[in-house]
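Here's a quick walk through one model, taking in its sheet, its charged pairs and its ligand site. Have the structure open as you read.

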Amino acid sequence: MFQKILIANRGEIACRVIRACRDMNIKNVAVYSEADRDALHVRMADEAYLIGAPPSNESYLHGEKIIETAKKSGAEAIHPGYGFLSENADFVREATRQGITFIGPSPEAMDSMGGKISARKIAIDADVPVVPGTTEPLESFEEAQKIAAEVGYPIMLKAAAGGGGKGMRFVQSADDLKSAYETSRGEALASFSNDEVYIEKAVLRPRHVEIQVFSDKYGNYVHLGERECSIQRRHQKVIEECPSPINSAELRAKMGESAIKVAKAVNYVGAGTVEFLVSDETREFYFLEMNTRLQVEHPVTELVTGIDLVREQILVAFGEKLSFTQGEIEWKNHAIECRVYAEDPDNNFLPSPGKITRLRIPQGNGVRDDGGVYEGAEVSIYYDPMISKLAVFGRTRAEAIDRMRRALQEYEVGGIKTTLPFFREIVEDEEFIAGNLDTGFITRFNERKKAKDPDETARDLALIASALAFSDRQKTVSSEAQTQTASHWATIGRMALHANRL
Ligand code: MV4
């Protein structure tokens, strides 16, 4: 086995990978920027090396410095975590050229899946369902008009180099196509230096369900089931769970088989995730894209399958065969994960950097917290403000929600704002409890929340009170005014009913 691994990342995922190395008796090397001198991953690692200034492209994205540090420290392999260099094919090529093993797929597989149009083509050729649309970038607005009319509105315009919703536009009808086409291309160019866009028919109220795949260097492919990730805010996942509330053994098997077909088509090795949109109405699924890395939400899969995905990544990268077969994988229990961010939910989720003056992490039955901070640590402005992932499991979804509620009650973070209060509300929400989780969930949740706002109730009550006072006064004046009062009483009645519902 490898003797030493360098972790080219920071925060909770660096800590997660360090723990896997410890489990396997592998020495681990951290790298850090000037902003992270006192970070948890630096404290946890066996060795740690300063690699540069706080901005990511001078440190965690600086491939040459990281490869140089791997060689200097005697690390034989690099684990990239997620983000940063994890999907950078040139970095993989350079590390490999310099004799360092990259713990992840081949650069060719990354390139094939990096382009969204090329990924669509691969899925089509592999007989995997995709949403109807184009398989080439649009040449002109006229072509866009023609294809949109063919597939039928509403449609989505998407950036070929995209992902994460950048450059994406929902187009309701032909009238809106011109401006959407221009803004989509403009946004794509600004974000990816590539203005290629393509068309997909829009799936209405879709669910985002993804399949974890795994493979070794000997052509063994398995899937580890789905993760439901429909609860998103501005294309950022907020809560993930396994199984999906819409899961059936049949749907899991079908999606798993399709995901494996996609992975095989690019000779994938290691941990990967194939994303699908699932129609809420028909339960039909469509390939969206493949992420060629370990994902943030991998713990929910680990909790229900009992498989350590990071350990397995390291084994497979070293050249071991997969340690389990498809038939040996069992899905047991229900897991839910909340991403805890240093953001202010009362102020439009603005980042809330600063010193963590108090930290109490929940513990106990069924609770796992993958964190990247400690009491006294600083949350920096330079990086993603996620401070931990709180995951729980229970025998049923209801039991998992109960444990999540308890764990969220226990969790205390002082000195900075976090998204914990937001999650405490979500776990009490009827739609969440019912498992109605399409991609419009957060929007509808915010509307429900506004309707229940105590300030709003107070405003209604104040209106009722003043209306009552007004009508009382009317009784002492003219009879004409008294007939008016009747209609005021009707209004008051409606308001009282409304208040009562609240
Ligand atoms: C879609 C779609 C509907 N129809 N594609 C958003 C991010 C990117 N990964 C894909 N996205 C979508 N693609 C078609 N053909 C709706 C979305 C979408 C969405 C998807 C998953 C989770 C949240 C979402 C929120 C808005 C839109």
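## A glutamate pair in the sheet

Let's begin with Glu240, whose bridge partner in E14 is Glu337. Keep in mind that what you're looking at is a predicted model. The two strands involved here are E11 (residues 236–242) and E14 (residues 334–341), which pair in the antiparallel sense over four bridges.

Glu240 turns up again among the charged contacts. It belongs to a network of salt bridges that also takes in Glu210, Arg227, Lys237, Glu297 and Arg339.

## The sheet as a whole

Zoom out, and E11 and E14 sit in an open sheet of eight strands, with the order E13-E12-E9-E10-E11-E14-E21-E19 and antiparallel pairing. Which strands stand at the edges? They're E13 (285–291) and E19 (367–371): each has a single partner strand, so one side of each is left without a neighbour in the sheet. On average, and with direction ignored, neighbouring strands of this sheet are turned by 25° against each other.

There's a helix to look at here too. H1 lies across E19 and strand E21 (386–394), and its angle to E19 is about 115°.

## Salt bridges across the sequence

How many salt bridges does a search of the whole structure find? The count comes to 42. A few of them are worth a visit, starting with the one on H1.

Arg22 forms a salt bridge with Asp46, and the closest N and O atoms are 2.9 Å apart. This pair links distant parts of the chain, 24 residues apart: Arg22 is in helix H1 (residues 11–23), while Asp46 is in the loop between helix H2 (40–44) and strand E3 (47–52).

## Two more pairs

Next up is Arg358, which forms a salt bridge with Glu412, their closest N and O atoms being 2.8 Å apart.

The side chains of Asp402 and Arg405 meet in a salt bridge, at 2.6 Å from N to O. Both are in helix H12 (residues 397–410), and because they're three residues apart, about one helical turn separates them. Asp402 is partly exposed, with a relative accessible area of 40%; for Arg405, also partly exposed, the value is 26%.

## Around the ligand

Finally, the ligand. It is surrounded by 17 residues, and the closest are Lys158, Glu200, Lys201, Val203 and Thr439.

Which atoms come up against the ligand's nitrogens? For Lys158, an N or O atom in the side chain is 2.9 Å from a nitrogen atom of the ligand. With Lys201, a backbone N or O atom lies 2.8 Å from a ligand nitrogen atom. Val203 also uses its backbone: a polar backbone atom there is 2.9 Å from a nitrogen atom of the ligand.

Conventions
Residues are numbered from 1 along each chain as its sequence is written. This is a predicted model: local features need pLDDT of at least 70, side-chain atom pairs count only at pLDDT 80 or more; totals for chains, interfaces and linings use all residues. Side-chain values use heavy atoms; hydrogens and water are left out. A salt bridge is a side-chain nitrogen of Lys or Arg within 4 Å of a carboxyl oxygen of Asp or Glu. Buried means under 20% relative accessible area, exposed over 50%, partly exposed in between (1.4 Å probe, protein chains only). Two strands pair if DSSP finds at least two bridges between them. Axes are lines fitted to C-alpha atoms, for helices over the stretch in contact, and angles run from 0 to 180 degrees between N-to-C directions. Contact means heavy atoms within 4.5 Å. A residue is near a molecule or strand if one of its heavy atoms lies within 4 Å of it. A polar contact is a pair of N or O atoms within 3.5 Å; within protein, one must be able to donate a hydrogen and the other to accept it, and residues adjacent in sequence count only if both atoms are side-chain atoms.
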